[in-house]
Amino acid sequence: MDTTEKILVLDFGGQYNQLIARRVREQSVYAEIRPYDRITPEEMRREGYRGIIFTGGPNSVYDPASPHCDPAVLGLGIPVLGICYGAQLLAYLAGGTVAAAEHASEYGKTVLHAENNTLFEGVPQESVCWMSHTDSVRAVPSGFTVIAHTEKCPCAALADDARRLYGVQFHPEVTHTVFGKQILKNFLFSVCGCTGNWKMEDYAARTVAAYRERYAGKKVLLALSGGVDSSVAAMLLHRAIGRDLRCVFVDHGLLRKGEGDLVEKTFREEADVNLIRVNAADRFLTKLAGVRDPETKRRIIGEEFIRVFEEEAKKIGHVHALAQGTIYPDVIESGKGDSAVIKSHHNVGGLPSVISFDEIAEPLRELFKDEVRRVGVLLGLPEKLVRRQPFPGPGLAVRILGEITREKIGILQDADAIFREVLEEGAVDPLPDQYFAVLTESRSVGVMGDARTYGYTVALRAVTTDDFMTAEWARLPYEVLEEASGRITNEVSGVSRVVYDISSKPPATVEWE
Ligand code: XMP
């Protein structure tokens, strides 16, 4: 029997739903996110949740379009913690009233005055919390008491200890709330009675055992890109079924310097994974000859990738399962209205159509990225691979502006390797979230010795970001830029100038193409 303690994060459309789930998991308690209208109280009971967290949301509870769950949720006997909109909804569903904040909205760091309550064990009477709201609870429902206030918000937290129902107007999940972690911990351990048994070691062992049983003696096929997700998925399945896992690694010739060999060494030589490396650079470069348009490059690479993968897979014959490196953020449905759709994500850029398989295996679909990395380390993958920055599927094709040639690939690989080396040598800590070189089409005059040169301009790009939807250009120290520029112009022939990209996203994008 699965004895994992689970918390339900009931999503009402707030921007922090994933953060809440991650904060819970950081306490070694498993949390899963479900849209508010996709789960009934009966299902909640059946799932055996230890506690339910109502997330924030953009609406007012009186707005007819605002998301409401069944009030019966409060009568399940399962503890509830409402956050922001979730607290207002909890109060409203329990018979209290909510009003637009008397002194208009409250936003930012605010002093919280907390009463004695289980939720605030270990929290000082005064501490800083993070507020972001317009409405707030005006009259608490019967059975509830106010357990915290701020200068502008008379009910910053409410509790019905007997029924184990709690609400906080502030956001305990963000780091600005200094004791937020402690408050969540109190809810999970003191209120819900969790013990914290969600450990990556156990998770990895359980998943390996489950796949061993499910796929014993059956063939599973996986497209290995060398990225974090497909690498960890490969290691998990390899532990479970050994050489029955067939990994196909398509090297399109547009990888970073030495990357193809590193993948081969890590998986085939060191881990004894059944890996087929397809060196398909010629095929891809022939298809890409003369192509300048970025979207056309992407389409050609995506299509060719599938074709190469299918050809290799056909040689293997029927496989029982096709494995994908899908992770939790890819499968979470959002609680933002009725149009919510499940995001789909396929490592190989679409499902191959000519391969016959009975099912899809997604061994990482319950994990956040940081958890995937932890499992990877536990399974013995090198830190270097597990901490790897994201790399686009079309590879260097979208970092070589205009037409792609072998010569340009070589130049870019060398320049990029130097830039990464300079940053990773410890000169920059923490490292930017993504950093790479771009080969522009612009050529300019340079001088080397007594000779005039006419070489390419390489652009360096480094960004910091939380989610890659927006990004800031990284403020790298001048000395680091100087070293990278000096080494690139000296060591990479064909480059006479180096520039640093100081555009943020938006309006620029991370990649140049
Ligand atoms: P942009 O350039 O859109 O990049 O700001 C955001 C993130 O997405 C990556 N990226 C891609 N990844 N296929 C991929 O697998 C692509 O075609 C692609 N284009 C951009 C980019 O590296 C960054 O992490």
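Q: Which strands and helices are included in what covers the buried residues of H8?
A: In this predicted model, the cover over the buried residues of helix H8 includes strands S13 (245-251) and S14 (274-279), together with helices H9 (294-316) and H13 (406-427). Cover here rests on contact, meaning heavy atoms within 4.5 Å. Buried means under 20% relative accessible area, exposed over 50%, and partly exposed in between (1.4 Å probe, protein chains only). The elements included are therefore S13, S14, H9 and H13, where helices (H or I, at least four residues) and strands (E, at least two) are DSSP runs numbered from the N terminus.

Q: What arc do the buried residues of H8 cover around the axis?
A: In H8 (residues 281-288), the buried residues are Ala-281, Phe-284, Leu-285 and Leu-288. They lie on the same side of H8, because the arc they cover, taken from the directions from the helix axis to the C-beta atoms, is only 95°.

Q: Is Asn-186 buried or exposed?
A: Asn-186 belongs to helix H4 (residues 180-191). Leaving aside residues up to four places away in sequence, Asn-186 touches Thr-118, Leu-119, Phe-120, Glu-121 and Val-191. Its relative accessible area is 3%, so Asn-186 is buried.

Q: How far is an oxygen atom of the ligand from an N or O atom in the side chain of Arg-298?
A: Among the residues surrounding the ligand are Arg-298, Gly-393 and Gln-434. A ligand oxygen is 3.0 Å from a polar backbone atom of Gly-393, and one is 2.7 Å from a side-chain N or O atom of Gln-434. For the side chain of Arg-298, the distance is 2.5 Å.

Q: How many residues are in the protein chain?
A: Residues are numbered from 1 along each chain as its sequence is written. Local features need pLDDT of at least 70, side-chain atom pairs count only at pLDDT 80 or more, totals for chains, interfaces and linings use all residues, and side-chain values use heavy atoms, without hydrogens and water. The chain has 14 helices and 20 strands. Buried residues make up 55% of its residues, which number 513.

Notes: Near = heavy atom within 4 Å. Polar contact = N/O pair within 3.5 Å; in protein donor to acceptor, adjacent residues only side chain to side chain.
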